[in-house]
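Below is a guided reading of a structure for someone who has not seen it before.

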Amino acid sequence: MPTYTLTVNGRRRAVTAAADTPLLWVLRESLGMTGTKFGCGGGFCGACMVHLDGAAVHSCQVPVADAAHHRVTTIEGLSEAGTHPVQRAWIEEDVVQCGYCQSGQIMSAAALLAGKPHPSDADIDAAMNGNICRCGTYQRLRAAIHRAAGDAPAARGGQ
Amino acid sequence: MNAPGTMARRDFLSVVAFAGSGLVLGVHVPTRRRDGAPDAPGAEFAPNAFVRVATDGTVTVVIGYSEMGQGILTALPMLVAEELEVDPATIRFEQGPAADEYKNPLFGLQATGGSSTVRGMWEPMRRAGAAAREMLLAAAAARWSVPRSDLVAANGTVTHGSSGRRASYGSLTQAASKQTVPTDVALKPASAWKVLGRRMKRLDSLPKVTGRAQFGLDVRVPGMLVAVVARCPVFGGRATHFEATAARAVPGVRHVVESPSGVAVVADGYWAALKGREALSVTWDEGATAAQSSDAIRARWVQLAQQPGITARHEGQGADALAAAARRLDAVYEAPYLAHATMEPMNCTARVTAGAVEVWAPTQFQGVNKQLAAQIAGVPESAVQIHTTLLGGGFGRRAEQDFLVEAVSISKAVGAPVKVVYSREDDIQHDFYRPAVYNVLAAGLDAAGNPVAWTHRSVSSSILARFFPQMFHDGKDENAYEGAADIPYAIPNIHVDWIRDEPGVPVGFWRSVGSSHTAWVKESFLDEIAAASHTDPLELRRRLLGASHSPSAPRLLGALNAAAERAGWGTAPPAGRARGLAVHESFGSFVAEVAEVSLGGDGTPVVHRVVCAVDCGQIVNPLTIEAQMQSAIVYGLSAALHGAITIDKGRVVQTNFNDYAPLRMAEMPRVEVFIVPSTEGPGGVGEPGTPPIAPAVCNALFALTGKRVRRLPIRPEDLQG
């Protein structure tokens, strides 16, 4: 099997894998970085979102051979201590439930905010519609994105 | 820690062990039977919770239940903190093993389901905290030779009022361990609560926003292989032959072995195992249902529904009263099979060695996991360790055992630790589905339009007959008609019956179980009565609940009125929109929802706003309750708008999130949750928000379009003129 050199979270890592192995499984199994999640394997749910040269991509749809010449950022690389503004906003808005989809949600939100520091609700709908949450955390997720942007949070529900 | 079972069984509270590092408390409460009666004298007392206070003052709560998003890793520490007088944010939690000590006293099983954890642990966890606090206070009183009554416990510290002397809990643990365990600790009255009822942020957020949280799929065991299983696409079929040469030739594939559910390809990693499975050739005996389809099942149920079923409820003259009524309404309501589709696909890791089994599982049912793993591996239960990981969603799916059976069997077969991973397609096509249900309803109205008769016959499969056969008696499965048989409205003649049919599609517990369909049928058909009698749907429900003898009626009415008021029922909705409402009791809680809908340009329904009022008794954490209502509404809305599992040629047609579509961000309505104040005992929170949403939306669509939705999911063509 061929060997590839990946740049993951600023570190160069050599991995041996079949050329068509999705980046997702290289991250999770070859590199032991399990923060990036497997949800569907078809690019439908967004649980596996990572940044490739800063853009959010489904890592289940990127063969390792295609990732070799790009910068890969995963949830582990966003900030180890949870201090990225999106992560802080997630905690403040009490977004997570089971938490399984949230790595992907956070990576999508971080990419959105990097390109659009003050997204509208329509921007959020468009950017986040590829990320499924079966716990239904969408309302708080939206509020957290507004909070991370430093904007007035949308209504959070409740009293 | 010593086994708690070695302690005197009649002790209500016992110190179960004195670890060198501090005070360990176990709370013993008698396990209640399902009928609520106490156990017979002399029956075993099951300890079921543990609190540790270490010498450095760290408080650890050991939790024997599963965190699947519902927030128990926050709620249970809050219960302990309230009585122990510590800041709940400082409490650590530890996942407990599969052990009798962690049986939920609500039903005597170590399982997380039925919205039961806080209900079951509401008292034991507080008693554990209170007992620890009293022992720490007694230790301080002895140390300072002062009366206990002069001491105050707060913020992890005991303070002597007049002298101002202070001692941290950590410094008192050794002495506290030697104190007598209080047998009759009074719990704080609600008026003194400082933690319960507080809007407290989750304690498990940080690992979940940094990718460090460990779910089942994230488990790594030295030497572990990954298995993907080829299962017969038709339920009940089996492999008769397989040809594995090509599969074994895939780099990374180590073994191809039979497993109880098919043929397992075992490899170094998931991708190799998946490619190995693609290269595998299996000959299936597809069994008796290979030609089955959803249409054929429906056609049989139409016939079956013409005969009487097993009576679930009979009041007054029952169906006979229909003939005497001035007017009769008839309707058929059809709900589909539904998959759970948790975000984390099914998986389980097992390591079977000579004489022992270790299992790492995102599971809702540790108690049975342990029994089955022991049986399969041929070892005593005492040689089985179950490690509960975080669950990437549960919704009832992870109460099943299929993933555990496969992991243990395959690990045993290949002699290595094995993680079984379901692809998303495996997960959707090999589920235990929310039962499809065919419902035939009739109502009789008197001359004034009041309902005087209500009949409801349903045809579906039984969950209990397979899952809990010991609870399936006389052909009755209460889960099939819960929420229908106990219709709370004041109607003098009622007949509810059920016909069981088993077309071979496996069915299981799905968030809110029977109420996931009965609430839709009951609340929709009641709306039909309101429309037929030209009565406002809120007014009809108020009248029928006001006159009801059901003990649930006042709380249903309270939730209904709260939701209606906050939704502005009776005022004009925004242009192009209409409102609908529904109210339902499940898992000891009472939830009313008002949905505000419109039709999009392409004729598809758009849900803009949902107002939810929940009476779930005394509460632990409003932030969690609001989150769970939002969550349950999204889960129910996903099903109402998009959810259907259909069968063709004996197979599930749907494959992945492209054709089994959950709600997404752009479809998310604004949800407003109001918690009805209550002094009643706590009700469930994880599930009761789901049942009312489908009928609230369908009733709103009727108000908007005049079209009654009688089959789910909602199809735009059913809303056309």
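Is Asp648(B) buried, partly exposed or exposed? The model is predicted, and in it Asp648(B) has a relative accessible area of 39%. Lys649(B) has a relative accessibility of 53% and so counts as exposed.

Glu315(B) and Arg313(B) are joined through their side chains, at 3.0 Å from N to O. Glu315(B) has a relative accessible area of 32%, so this residue is partly exposed. A further pair is Arg555(B) and Asp615(B), whose closest N and O atoms are 2.8 Å apart. This pair links distant parts of the chain, for Arg555(B) belongs to helix 16 (residues 553-567) of chain B and Asp615(B) to strand 25 of chain B, 60 residues away. Both Arg555(B) and Asp615(B) are buried.

Some charged residues are joined in a network of salt bridges instead. Its members are Arg577(B), Arg579(B), Glu596(B), Arg609(B), Arg670(B) and Glu672(B). Over all chains, the count comes to 54 salt bridges.

Gly600(B) counts as partly exposed because its relative accessibility is 22%. Between the C-alpha atoms of Gly600(B) and Gln307(B) there are 41 Å, and the two residues are 293 residues apart along the chain.

The backbone of chain B has several features to look at. Phe395(B) is not a glycine, yet its phi is positive, near 60°. Phe395(B) sits in the loop between strand 18 (384-388) and helix 10 (402-414) of chain B. With a relative accessibility of 10%, Phe395(B) counts as buried. His534(B) likewise has a positive phi, about 50°, without being a glycine. Its place is the loop between helix 14 (515-532) and helix 15 (537-546) of chain B. Is His534(B) buried or exposed? At 76% relative accessibility, His534(B) counts as exposed. Towards the end of this list comes a cis peptide bond between Leu712(B) and Pro713(B), with omega at about -5°. Pro713(B) is found in the segment after helix 18 (693-705) of chain B.

Now take chain B by domains. The domain assignment divides chain B into domain 1 (4-204), domain 2 (216-287 + 346-421) and domain 3 (294-337 + 433-719). Where domain 1 of chain B meets domain 2 of chain B, 14 residues of domain 1 and 13 residues of domain 2 take part in the contact. About 990 Å² is buried between these two domains, and carbon and sulfur atoms give 53% of this area. On the side of domain 1 of chain B that touches domain 2 of chain B there are seven nonpolar, six polar and one charged residues. The count between the two domains is zero salt bridges, while seven residue pairs are in polar contact.

The last step is the interface between the chains. How many residues of chain A are in contact with chain B? There are 58 of them, and they meet 65 residues of chain B. Chain A and chain B bury about 5100 Å² between them, with 57% of it on carbon and sulfur atoms. Of the area that chain A buries against chain B, Gln97(A), Arg134(A) and Tyr138(A) supply 16%, more than any other three residues.

Four salt bridges are counted between chain A and chain B. In a salt bridge between Asp218(B) and Arg28(A), the closest N and O atoms are 2.9 Å apart. The interface also has 31 residue pairs in polar contact. Several helices of chain A give two or more residues to the side that touches chain B, among them helix 1 (23-30), helix 5 (102-115) and helix 7 (138-148). Helix 7 of chain A gives the most, with five residues. By class, this side of chain A has 25 nonpolar, 20 polar and 13 charged residues.

Terms used. Residues are numbered from 1 along each chain as its sequence is written. Chains are lettered from A and ligands numbered from 1 in the order in which they are written. This is a predicted model: local features need pLDDT of at least 70, side-chain atom pairs count only at pLDDT 80 or more; totals for chains, interfaces and linings use all residues. Side-chain values use heavy atoms; hydrogens and water are left out. Domain bounds come from an automatic or database domain assignment. Contact means heavy atoms within 4.5 Å. Buried area is the accessible area (1.4 Å probe) that two parts lose on being put together, summed over both. A polar contact is a pair of N or O atoms within 3.5 Å; within protein, one must be able to donate a hydrogen and the other to accept it, and residues adjacent in sequence count only if both atoms are side-chain atoms. Ala, Val, Leu, Ile, Met, Phe, Trp, Tyr, Cys and Pro count as nonpolar, Asp, Glu, Lys and Arg as charged, and the others, Gly among them, as polar. Helices (H or I, at least four residues) and strands (E, at least two) are DSSP runs, numbered from the N terminus. Buried means under 20% relative accessible area, exposed over 50%, partly exposed in between (1.4 Å probe, protein chains only).
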